[in-house]
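Reader: I want to know what stands behind the labels used for this model. Take me through a few of them.

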Amino acid sequence: MKNYVTSYVNPDLDGTACGIALAKLLGWTPVYFGDIDCESEFVLNLLGIDTPTRVTDISDADQIALVDTHHVMQLDPSVPLDRVTLI
């Protein structure tokens with residue numbers, strides 16, 4: 001199954017860290033769209049945590065969890081909203 005945790009496009013540390021933490025708890029794959037900011041890269045490197053996978057399309061997802069997202073307009077158009085099972 002392809003289960004992803006993601007946030008809005010170009011996530012900051014909140015979206016990145018929450019995505020990694022929830023993915024770890026669920027056993028899912030943390031992914032992001034766009035670019036991760038410098039603060040997130042610094043903290044991940046400092047703590048030795050792998051950066052989530054950068055993607056351009058998750059239309060093949062079975063389930064999606066969204067973190068730190070306030071409106072669907074913040075999401076990449078490839079996110080199939082009917083497969084969002086957790087917010």
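Author: Start with phenylalanine 42, found in helix H2, residues 38-47. Keep in mind that this is a predicted model.

Reader: Why is phenylalanine 42 called exposed?

Author: Its relative accessible area is 56%.

Reader: What makes Phe42, Leu46, Leu47 and Ile49 a patch?

Author: They form a nonpolar patch on the surface, with about 440 Å² of accessible area together. Patch members need over 30% relative accessible area.

Reader: Why is serine 7 called buried?

Author: The cut-off for buried is under 20%. Serine 7 has a relative accessible area of 4%, so it is buried. Serine 7 lies in the loop between strand S1 (3-6) and helix H1 (13-26). It touches Gly15, Val31, Val67, Asp68, Thr69 and Leu75, not counting residues up to four places away in sequence.

Reader: How do you know that serine 7 has a polar contact with valine 67?

Author: A polar atom of the serine 7 side chain lies 3.0 Å from the backbone oxygen of valine 67.

Reader: What makes S1 and S2 a pair?

Author: Pairing takes at least two bridges. S1 and strand S2 (residues 29-32) have two, in the parallel sense. Valine 5 stands opposite proline 30 in S2.

Reader: Which strands stand at the edges, and why?

Author: The open sheet has five strands in the order S3-S2-S1-S4-S5, with parallel pairing. Strand S3 (53-54) and strand S5 (84-86) each have a single partner strand, so one side of each lacks a neighbour in the sheet.

Notes:
Residues are numbered from 1 along each chain as its sequence is written. This is a predicted model: local features need pLDDT of at least 70, side-chain atom pairs count only at pLDDT 80 or more; totals for chains, interfaces and linings use all residues. Side-chain values use heavy atoms; hydrogens and water are left out. Patches are made of residues with over 30% relative accessible area and no salt bridge: like charges are joined within 9 Å, nonpolar side chains (Val, Leu, Ile, Met, Phe, Trp, Tyr) within 5 Å. Accessible areas come from the Shrake-Rupley method with a 1.4 Å probe; for residues, only the protein chains shown count as cover. A salt bridge is a side-chain nitrogen of Lys or Arg within 4 Å of a carboxyl oxygen of Asp or Glu. Helices (H or I, at least four residues) and strands (E, at least two) are DSSP runs, numbered from the N terminus. Buried means under 20% relative accessible area, exposed over 50%, partly exposed in between (1.4 Å probe, protein chains only). A polar contact is a pair of N or O atoms within 3.5 Å; within protein, one must be able to donate a hydrogen and the other to accept it, and residues adjacent in sequence count only if both atoms are side-chain atoms. Contact means heavy atoms within 4.5 Å.
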